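This report describes a metal site, a pocket, a nonpolar core and some backbone features. The sequence and the structure come first.

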Amino acid sequence: MAVLKICKYPDPILKQEAGPIVEITDDIHKLAEDMIDTMREAPGAGLAAPQVGQSLRIIVIEASTAEEVGQALVVINPEIIRSDGSLVYEEGCLSVIDYSAKVTRANQVLVRGLDIDGNPIEIEAEGRMAVVFQHEIDHLNGILFIDRISSLKREIYRRRLKKALKKEEQEARES
Ligand code: NI
């Protein structure tokens with residue numbers, strides 16, 4: 001059990017394409033457990049390994065269907081093999097501080113991958129859960145939700161963040 005440090009934009013690891021997991025070692029089991037702890041502590045709806053500084057294709061998601069309250073899903077090497085429809089959803093991200101924006105995504109996805117024991121799994125997700133899967137899988141491809149909004153909105157956020165970080169730095173220096 002460990003809560004890991006979450007990498008924040010503009011950390012370059014968030015821009016990298018993560019590598020596939022070829023063997024599910026004890027280290028991967030531990031990473032998955034730590035990612036679940038970190039997601040719950042934050043709290044967040046999902047977390048991808050690059051967000052905790054590991055450029056590997058593994059995501060954890062807090063399942064919220066009626067049968068699965070309090071269950072965390074771990075998916076290794078997840079892939080979206082089908083997507084349908086579209087919806088607009090207000091997204092935020094543990095790696096993007098103080099910002100949320102509406103993003104258009106598929107309303108339904110079919111995700112294929114491996115569970116933590118290496119068994120092939122397929123998960124159908126709809127609505128909010130479909131959004132979470134797409135958001136987390138984007139992380140594995142070096143894409144943040146702010147890459148899916150207008151460049152004008154993104155620029156406004158970038159400037160605001162720059163200012164905030166500068167202020168923080170200044171305050172740290174003065175104290
Ligand atoms: Ni995120």
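## Basis of the description

Helices (H or I, at least four residues) and strands (E, at least two) are DSSP runs, numbered from the N terminus. The model is predicted, and local features need pLDDT of at least 70, side-chain atom pairs count only at pLDDT 80 or more, while totals for chains, interfaces and linings use all residues. Residues are numbered from 1 along each chain as its sequence is written, and side-chain values use heavy atoms, with hydrogens and water left out.

## The nickel site

The nickel ion has as its protein donors Cys93 (SG), His135 (NE2) and His139 (NE2), which lie 2.1 to 2.3 Å from it. Donors here are N, O and S atoms within 2.8 Å of the metal (3.2 Å for Na, K and Ca), and as water is not among the atoms, sites may look incomplete. Along the sequence the donor residues follow the spacing C-x41-H-x3-H. Distant parts of the chain are linked by cysteine 93 in strand 4 (residues 87-93) and histidine 135 in helix 2 (residues 128-140), which are 42 residues apart.

Cysteine 93 and histidine 135 are both buried, where buried means under 20% relative accessible area, exposed over 50% and partly exposed in between (1.4 Å probe, protein chains only). For cysteine 93 the relative accessible area is 12%.

## Cysteines

With a disulfide taken as a pair of cysteine sulfur atoms within 2.5 Å, the count comes to zero. Cysteine 7 is in no disulfide, and the nearest cysteine sulfur, that of cysteine 93, is 11 Å away. Cysteine 7 is also buried, with a relative accessible area of 9%.

## The largest pocket

A pocket is defined on a 1 Å grid over the protein atoms alone, as an open set of points where a 1.4 Å probe fits, with protein on both sides within 12 Å along at least five of seven lines; lining residues have an atom within 4 Å of a point. Grid points are joined across faces, edges and corners, and a volume is the space filled by probe spheres set on the points. The largest pocket holds about 240 Å³ of space. It is lined by 17 residues, of which Ala45, Gly92, Val132, His135 and Glu136 are the closest to its centre.

Helix 2 provides the largest share of this lining, six residues, and strand 4 and helix 2 each supply at least two. By class the lining of the largest pocket has seven nonpolar, six polar and four charged residues; Ala, Val, Leu, Ile, Met, Phe, Trp, Tyr, Cys and Pro count as nonpolar, Asp, Glu, Lys and Arg as charged, and the others, Gly among them, as polar.

## The nonpolar core

A nonpolar core is a set of buried Ala, Val, Leu, Ile, Met, Phe, Trp, Tyr and Cys residues joined through side-chain atoms within 4.5 Å. The largest has 18 residues, and those with the most contacts inside it are Ile59, Ile61, Leu73, Val109, Ala125, Met129 and Phe133. Helix 2 gives the most to this core, with six residues.

## Backbone features

Most residues other than glycine have a negative phi, and most peptide bonds are trans. The peptide bond from tyrosine 9 to proline 10 is cis, with omega near 10°, and proline 10 is placed in the segment before helix 1 (26-41). Another cis peptide bond joins alanine 42 and proline 43, with omega about -15°.

Aspartate 98, in strand 5 (residues 96-105), has a positive phi near 55° and is exposed, with a relative accessible area of 68%.
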